[in-house]
Amino acid sequence: MKYIIAIIQPDRLNDVLEKLTGKDILLVTVTPVMGRGRQHGIAEVYRSHREAGTLLKKTKLEIAVNEAFVKPAIDAIMEGAHTDEVGAGKIFVLDLHECVRIRTGETGSVAIG
Amino acid sequence: MYARKSIAGRSVVYGSALGCLIAGGASGQSAPAAGSVIDSGDTAWVMISTALVMLMSVPGLAFFYSGLVRRKNVLSVLMQCLAIVCLVSIQWVLVGYSLSFGPDKAGLIGDLSWTGLNGVGLSPAPEYASTIPHQLFMAFQMMFAVITPALIIGAFAERMRFLPFCVFTLLWATLVYDPVAHWMWGVGGFLRAGGALDFAGGTVVHIVAGAAALAATLVLGKRQGYPERIGPPHNLPFAVLGAGLLWFGWFGFNAGSALAANGLAVSALVTTHISAAAAGLTWATMDMIFSRRPTILGIISGAVAGLVSITPGAGYVSVLAAMAIGGGAGIFCYLSVVWLKVKLGYDDALDAFGIHGIGGIWGALATGLWASKASNPAGADGLFYGNPGQCIIQMKAALVTLVFAFAASYILLKLVDFLLGLRVDEHAERIGLDLAEHREAGYTMLE
């Protein structure tokens, strides 16, 4: 079992979700986040107050998958979120130790999908 | 603020001595003078204006200011505004009105014969407004007395303890606002007697609040992490809502100060609006020149600055003059907020001095430039109409008010600080005043 964390541009979310659905990956958690990579921020100005603008809005997706779905998930995210500009995002793949379905108490691979 | 109507005995003559003014209705009692009859149009309009000016405090200023602070302090600003409305209203009917508008003592203060609104009845007080009930005049004035201390909140936002703030507010209303209101608007007040023009409160409200704001920034000191580590406004849409309500309410503030539903009120309404529009555009233009983008915070700050600046002259200047006054407000207030404040390094959190102080001073001087008897025969001519003397009078009035308000506020702040302590401790400032002072959170994060 693996846990995939992907940070993508906010405007790419719908594309990525569509691609994931196309590969039968339906369960996902989405969070709005602020982040900093190598992309330069946008300096904000409020009267005499100038924000350095180092953090940018991003969207985080978290997906738990069985081994067979790791590559399809990564492919889907890449297709949906890819751009040629710096700032498209990153995908992290973590080992998932356990997964439990709260309603039934099932564990392991069965509980993931 | 008060009716510059040319009714016998009440028109202010430029440079007239004290005695001429008193002749019009010395006792201040509410028995109607001959020919003094309630006019329902005037009364209706001033009643609405009373509500409009109240709207400027809450929710106008309350949301304008609270949108500009960080999330963790949003409620503290709202609370300070609400508390002022309640506290100063009570203070006003108990002693404030009498001190401000009551029978004069030495040109400096009213006496206490109208304490608890004793003698302030429903028939007119002709020395102030001959066609509306005396209590209505009192109520209208009350809203000015309320909003003035609320303006100071902008200077000490995000770091002042609530109870000492309440104590300071009551003392300040009584010892700073009431005297200045008397000098400029009370029968017998020495600034009024000297011919100073202040239609709706450029000096009484804005210069006084602005000066107090400056004093507060010095006594309370900078916020932790100022300027680099202070977050941006947490809710600009609130600030815009608040600014819109301020603009709307200002029609009552300025046009209502004609104290009648007449041509003068209309003239003040028009100049008020145009000044705001010109100032909003000017500030947005300054934004574009210096920061390359026009901003919403800029345009609303400009509009408010324009409204502040036209306040002393609304009923004395022409529409084109109002445009120029608004333009000047946009320029001077922009520079004092973006350049002067940064240069001098004081933490006027929400630019109370930069907008109300500087705007009020500019407005007072601008009135000395552009006042014209063609706009209001009961007023005076300014420099551009062949009378440079009015400028001197305006400058003196502005200076006297500025110096007194600054000094008195500074002393009061130091006193309350010594007795009670003004500033929250470091931990409270970090977690935010909403939690620290009120045990409340403005927004739930979880359901």
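The contact between the chains takes 13 residues from chain B and seven residues from chain A, two residues being in contact if their C-beta atoms, placed from the backbone, lie within 7 Å. The model is predicted: local features need pLDDT of at least 70, side-chain atom pairs count only at pLDDT 80 or more, and totals for chains, interfaces and linings use all residues. Residues are numbered from 1 along each chain as its sequence is written, while chains are lettered from A and ligands numbered from 1 in the order in which they are written.

On the side of chain B that touches chain A, helix 11 of chain B gives the largest share, four residues. Helices (H or I, at least four residues) and strands (E, at least two) are DSSP runs, numbered from the N terminus.

Helix 9 (residues 263-291) of chain B packs against helix 11 (residues 319-344) of chain B at an angle of about 40°, with the axes 7 Å apart. Axes are lines fitted to C-alpha atoms, for helices over the stretch in contact, and angles run from 0 to 180 degrees between N-to-C directions. Helix 9 of chain B is therefore oblique to helix 11 of chain B (under 35 degrees is roughly parallel, over 145 roughly antiparallel, 65 to 115 roughly perpendicular and the rest oblique).

The residue classes of both contacts are tabulated below.

| Contact | Nonpolar | Polar | Charged |
|---|---|---|---|
| Helix 9 with helix 11, chain B | 17 residues | six residues | no residues |
| Side of chain B that touches chain A | eight residues | three residues | two residues |

Ala, Val, Leu, Ile, Met, Phe, Trp, Tyr, Cys and Pro count as nonpolar, Asp, Glu, Lys and Arg as charged, and the others, Gly among them, as polar.

Chain A has three helices and six strands, in the order β-α-β-β-β-β-α-β-α along the sequence.
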